[in-house]
Amino acid sequence: MPFFGIHLPHKKGTAQSATVKLPLPEVVKIPMSQHMGTPCEPTVKVGDTVTVGQKIGDSTAFMSTPVHSSVSGTVKAIGDYLLASGKVCKAVVIETDGNQTVSEDVKPPQVDDLKSFIAAIKESGCCGLGGAGFPTHIKLNVDIKDKPIDSLVINAAECEPYITSDCREIIERPDDVIDGIKQVMKYLEIENAYICIEKNKPEAIKLMKEKTASEGNIKVVPLRASYPQGAEKVVAYSATGRIVGEGELPSAKGIIVLNVSTAGFISRYLKTGMPLVEKRLTLDGDAFRTPCNVMALVGTPVSKLIKFADGAEGAIAKLIAGGPMMGMCLYDFETPVTKTNNAILGFTEKLAVRKEEQTACIHCGRCVSACPMKLMPNEIAKAYEAKDADMLRKLKLNLCMNCGSCSYVCPARRNVAETNQLAKGLIR
Ligand code: SF4
Ligand code: SF4
C-alpha cells in the first residue's frame, strides 16, 4: 500500500510563533461531550463553587472520559448545548472568580503498574488531542499478554495546512514528549517507538533527534510532506510498514498510535495530576491580522481567540475549528474551545467562498488516484445519486475518512467528499 497522498500548500506561517497564554475569560462554557463516545453527565449543580481541575462531568459508559473545570468560580447554568457537529449535549457554564484556585483533588496519581496507569489516564480526562478525541485510556487498555504491542507510533505529522500546535508542543516541551513516550512504553512493555514528523518541520525533527540520540529504541521518522500523512492507518504504515486492515485497530497489528501532544500531556499529568483543562491552538487565516499559537482554557469562547489574533468578526466569512481539509465550520463565535481543538482558522470572503461552479464529472480518475483508502469516490457519488445502498457498501464507503483529498483534486470542482458524507447517512 504505497502512500503518495496529495500535495497541499503548507501555510505553516505560525511555526515560529511561541505559545502565548490567553487571558482568563469571565465565563467558560464546558461541554460534556468533547470526546468520541458517550457524553458525560454534569456532577455539579447551579450555584456550586468549583475549582481548577475539579471533576464536573462523568459517565459510567465504557466509551467516555471525564470532564474537569478549567477555572475556579461559580456554576451559573447547566443546559443543552448544540455542538458544531449538530449533536446536542449538556454544557456547564461557569463564571470565573479570577483566582484560579486549584482543586485539592489535583495531585500526582499513584502509578506502579499497567492497571493503575490506565486508571490514572482515565481520570485525567485525556482523549486524542490530534482532533479525533478517542478516549486515551481505552486506546491504551490493551491485553498485552494476549495481544502484545511492539510499536508505539507518535503522530506528529500535522499534515493539514496552517496548523502548527503539535510542532510547538515538540519545540516548547520536548522533554515532556519524550517522557510521555517512555511512560507509555514502560507500562505497556512496548519495545520501539517511532516519532513521525513531516519533513516540513526541520526544527522539530532536529530537536527530537537530539533528544533521542542516546535512546536506541526511540527513532525519529521524517515523513514526506503529503496529505493525509497523519491519518492513523497511514502513519502506522509509514512508521512500521504494516497495513492495518478494514475494521481493524492498529493494536491488531501490534501498534498503538498516539498524537504527540497527547504524549506530552501524559507526562505532565503523571507529574502534576492536573487533568486536561487547557489546549494549545493555532489561530490563522486571512481574517486574523496576528496569526499565532495560544494556550486557551477549555470552555473559552472562540470570540476571545478571534480578538486575541486581531480578527474582525464582521470580516470572517468562514470560521473553522481544525484544519481547512477536515475541520468543522463554526456557526457561532461564542463556541467554546474543547479538548480536541487544535486550530481556529478564520477566512474572509476572498478565500472562503468558492467562485467556480461545479461541472459534470469528466471521468479523469484523479479522485481515485488521490484517495488514501484506495476508494473510487466518483463511483460512490454515482451510487449515491442512484440511492443504491448495496453498491455504496460494495464500494466500501465505510472506509472513507472524509479527508477531502478527492474534492481538492477534482478539476470539475465537484463536492465529492461532501457527497460521501451524505452517502454515509443514506446507508446508516
Ligand atoms: S474523502 Fe474519502 S473518498 Fe475522498 S479521498 Fe478521502 S478517504 Fe477517499
Ligand atoms: S476527479 Fe472529479 S471529474 Fe475526475 S473522476 Fe473524480 S469526480 Fe470525476
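When I say a residue is near a molecule or strand, I mean that its C-beta atom, placed from the backbone, lies within 6 Å of it. Keep that in mind for the ligands.

Quick housekeeping. This is a predicted model, where local features need pLDDT of at least 70 and side-chain atom pairs count only at pLDDT 80 or more, while totals for chains, interfaces and linings use all residues. Residues are numbered from 1 along each chain as its sequence is written, and chains are lettered from A and ligands numbered from 1 in the order in which they are written.

Okay, ligand 2. There are 14 residues around it, and the ones that come nearest are Cys361, Cys364, Cys367, Asn378 and Cys410. Sorted by class, its shell holds nine nonpolar, three polar and two charged residues. For the classes, Ala, Val, Leu, Ile, Met, Phe, Trp, Tyr, Cys and Pro are nonpolar, Asp, Glu, Lys and Arg are charged, and the others, Gly among them, are polar.

Now, which residues come nearest to ligand 1? Out of 16 around it, they're Cys371, Cys400, Cys403, Cys406 and Ala417. That shell has twelve nonpolar, four polar and no charged residues. Helix H14 gives the most to it, with three residues. Helices here (H or I, at least four residues) and strands (E, at least two) are DSSP runs, numbered from the N terminus.

Let's stay with H14, residues 416-427, and look at its partner H11, residues 377-385. Their axes come within 9 Å and cross at roughly 50 degrees. The axes are lines fitted to C-alpha atoms, for helices over the stretch in contact, and angles run from 0 to 180 degrees between N-to-C directions. So H11 and H14 are oblique to each other; under 35 degrees would count as roughly parallel, over 145 as roughly antiparallel, 65 to 115 as roughly perpendicular, and the rest is oblique. On the H11 side, the contact includes Pro377, Ile380, Ala381 and Tyr384. Contact means C-beta atoms, placed from the backbone, within 7 Å.

On to another pair. H3 (residues 165-172) packs against H7 (residues 260-272) at about 40 degrees, axes 9 Å apart. That makes H3 oblique to H7. Asp166, Glu169 and Ile170 of H3 meet Val260, Ser261 and Gly264 of H7. This contact splits into two nonpolar, two polar and two charged residues.

Is H3 mostly covered or mostly uncovered? Mostly covered, with seven of its eight residues buried. Buried means 20 or more other C-beta atoms within 10 Å of the residue's own, exposed means 12 or fewer, and partly exposed is in between, with C-beta atoms placed from the backbone.

Gly273 is partly exposed, because 18 other C-beta atoms lie within 10 Å. Gly273 and Ser124 are 149 residues apart in sequence, yet 7.4 Å apart in space, C-alpha to C-alpha.

Most residues other than glycine have a negative phi, and most peptide bonds are trans. The bond from Tyr227 to Pro228, though, is cis, with omega near -5 degrees. Lys387 has a positive phi, near 50 degrees, and lies in the loop between H11 and helix H12 (389-394). Arg413 also has a positive phi, about 55 degrees, and its loop runs between H13 and H14.

How values were computed:
Two residues are in contact if their C-beta atoms, placed from the backbone, lie within 7 Å.
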